[in-house]
Every structure is written in structure tokens, then in C-alpha cells.
Amino acid sequence: HSVGGWAALAGALVLGPRLGKYQEDGTMRPIPGHSMAFAVLGMFILWMGWFGFNPGSTTAVTGSGKSLAIIMVNTNISACAGAIAAVATSWILLKKPDVSMAVNGALAGLVAITAPCANVMPGGALFIGLIGGVLVVFSVLFFDKIKIDDPVGAISVHGVCGAWGTLAVALFDVTGGASIGVQLLGIVVAFAWAFCASLVIFLVIKYTVGLRVSKEEEIEGLDLHEHGAKAWVDLA
């Protein structure tokens with residue numbers, strides 16, 4: 001997961017922020033999605049898919065796949081904990097139980113538990129999800145503060161919480177086969193490779209065929225310019 005997050009970081013840096021995201025006085029203007037209901041639905045669809053992603057990777061229910069049940073439990077516990085932690089954290093920091101943070105919190109828990117899902121106990125999964133849910137809120141706010149525009153929080157969810165999950169493999173391991181040093185090395189190598197390779201690719205695209213649409217297309221929407229119809233119609 002962290003590979004995708006670090007690739008997103010490279011893309012966000014090369015592409016730059018959306019128009020109007022950051023004001024001249026340095027303030028940040030939120031640009032929310034069109035439908036939080038669809039965002040929540042999308043999160044639950046991903047949540048369901050994770051049961052194929054994590055437990056399904058064992059490819060068997062008995063024998064070598066005897067860990068399927070505990071993986072399913074760990075996956076669900078971490079997602080629940082991540083959502084609760086993100087809501088609580090956003091409520092404290094932003095004075096409101098932010099729905100978008102709840103969505104990212106659940107995804108943070110799912111991402112964080114992916115690497116250690118087979119070698120931790122449910123109690124460990126609970127803490128992994130809780131920490132992931134807190135981390136994702138602080139990470140989203142951090143990247144906004146340094147003016148890296150990440151519309152869906154992909155850098156925070158996949159990059160930061162993916163790295164946390166990689167480290168958690170060793171911190172909460174009950175099999176005795178994980179090493180903190182090896183996991184830290186994996187985090188560094190994953191970041192170096194994914195970020196640098198993606199940065200090169202995005203820069204090549206930017207200075208050849210182009211990476212960003214025109215100002216007019218960005219304001220009016222690609223649905224109109226590429227498909228000839230608006231996806232969202234303002235009836236007011």
C-alpha cells in the first residue's frame with residue numbers, strides 16, 4: 001500500500017494544487033467532493049473487498065489457510081478501530097466529527113492491517129487500527145499545511161498508514177519471525193523506489209504530452225469537456 005501512497009505524493013508534487021485550493025494569504029479552502037453519501041458507500045465497498053484481499057490471499061480455509069478466520073477478524077477490527085479513532089481525533093482537532101475523516105479512518109485501518117493481518121492477534125489489530133485512524137487525521141492536516149494538495153487523502157491513507165502497517169508487522173508480531181530493523185528497511189526502500197520512480201515518470205509525462213488540463217477545463221469540469229455532459233447539474 002505504501003508504494004501507491006508515495007507514488008501519489010510524487011504525482012501531487014508535480015501536478016500542483018487544484019485552482020483555488022490555497023489562497024494568496026496562505027489559507028486553505030476546502031474543496032469537498034460532490035457527494036459524501038457516495039464517498040461512504042465507496043468506503044464500504046472497499047471494506048467488503050478487503051475480505052477478499054486479506055483473507056482471500058491465504059487461498060485455503062484449512063491446512064495452510066487455517067489463519068483465514070483470524071485474518072478476517074483482524075481486518076474488520078482494525079477498520080472499525082480506524083474509523084472510531086479518526087472520528088474522535090477530528091472531533092477534538094476540528095470541533096466536528098468529520099465524515100470524510102471517518103471514511104479515511106476506516107481505510108487507514110484496513111491499509112494498516114494488511115501487512116500484519118496474519119501474524120497479530122485481535123488485540124494487536126485493535127491498536128493497529130486505532131493508531132492508523134489517529135495518524136491519518138494528523139497526516140491529512142499536515143500535507144494541507146505544507147500545501148501538498150491530496151484531494152482524497154491517498155498519501156496519508158496509503159503512504160503514511162501503509163508504512164505504519166509495515167512497522168506494525170514487527171511491533172505486534174506473535175509468531176516470532178518479524179524484525180523491526182527489516183521492516184524499517186522495507187519502509188525506506190519502498191519509499192525511495194516508489195517516490196523516485198514515480199517522480200521521473202510524472203516529470204516525463206509533464207514535459208512531453210502534458211500532465212494537467214487547461215484552466216478552463218479544470219473550472220468547468222472534465223465531464224463536460226471530455227464527454228459533452230455534466231455529471232452534476234446545479235438545479236438551484
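User: Leaving aside neighbours within four places in sequence, which residues is Trp47 in contact with?

Analyst: Contact means heavy atoms within 4.5 Å. With neighbours up to four places away left out, Trp47 is in contact with Asn76, Ala79, Cys80, Ala106 and Leu110. Some background: this is a predicted model, in which local features need pLDDT of at least 70 and side-chain atom pairs count only at pLDDT 80 or more, while totals for chains, interfaces and linings use all residues. Residues are numbered from 1 along each chain as its sequence is written, and side-chain values use heavy atoms, with hydrogens and water left out.

User: What makes a group of residues a nonpolar core?

Analyst: The residues must be Ala, Val, Leu, Ile, Met, Phe, Trp, Tyr or Cys, must be buried, and must be joined through side-chain atoms within 4.5 Å. Buried means under 20% relative accessible area, exposed means over 50%, and partly exposed is in between, using a 1.4 Å probe and protein chains only. Here the largest nonpolar core has 18 residues, and Met43, Trp47, Leu107, Leu110 and Val136 have the most contacts inside it. At least two residues of this core come from each of helix H2 (36-53), helix H3 (68-94), helix H4 (99-114), helix H5 (122-145) and helix H6 (154-171). H4 gives the most, with seven residues. Apart from this core lies another, of 11 residues, among them Leu9, Ile148, Ile155 and Ala194. In soluble globular proteins, nonpolar side chains tend to be buried together.

User: How do you know how many helices and strands the chain has?

Analyst: Both are DSSP runs numbered from the N terminus: a helix is H or I over at least four residues, and a strand is E over at least two. Counted that way, the chain has nine helices and zero strands.

User: What makes the chain as compact as a globular protein of its length?

Analyst: We compare two values. The radius of gyration is taken over C-alpha atoms, and the globule rule is 2.2 Å times the number of residues to the power 0.38. The chain has a radius of gyration of 19 Å, close to the 18 Å that the rule gives for 236 residues, so the chain is as compact as a globular protein of that length. The C-alpha atoms fill a box of roughly 60 × 40 × 35 Å along the principal axes. Of the 236 residues, 37% count as buried.

User: Why is Cys80 in no disulfide?

Analyst: A disulfide is a pair of cysteine sulfur atoms within 2.5 Å. The nearest cysteine sulfur to that of Cys80 belongs to Cys117, 16 Å away. That is too far for a bond, and the count for the model comes to zero disulfides.

User: Are Cys80 and Cys117 buried or exposed, or in between?

Analyst: Cys80 has a relative accessible area of 34%, so Cys80 is called partly exposed. Cys117 is buried, because its value is 7%.

User: Why is Gln183 called buried?

Analyst: Its relative accessible area is 14%, so Gln183 falls under the 20% limit. Gln183 lies in helix H7 (residues 180-206). Not counting residues up to four places away in sequence, Gln183 touches Thr166, Leu167, Val169 and Ala170.

User: What makes the pairing of Gln183 with Thr166 a polar contact?

Analyst: A polar contact is a pair of N or O atoms within 3.5 Å; within protein, one must be able to donate a hydrogen and the other to accept it, and residues adjacent in sequence count only if both atoms are side-chain atoms. The side chain of Gln183 reaches the backbone oxygen of Thr166 at 2.7 Å, inside the 3.5 Å limit.

User: Where is Thr208, and why is this residue called exposed?

Analyst: Thr208 is in the loop between H7 and helix H8 (215-220). A polar atom of the Thr208 side chain lies 2.5 Å from the backbone oxygen of Val204.

User: What about Ser139: buried or exposed?

Analyst: Ser139 is buried, because its relative accessible area is 7%. Ser139 sits in helix H5 and touches Ser156 and Val160, again leaving out residues up to four places away in sequence.
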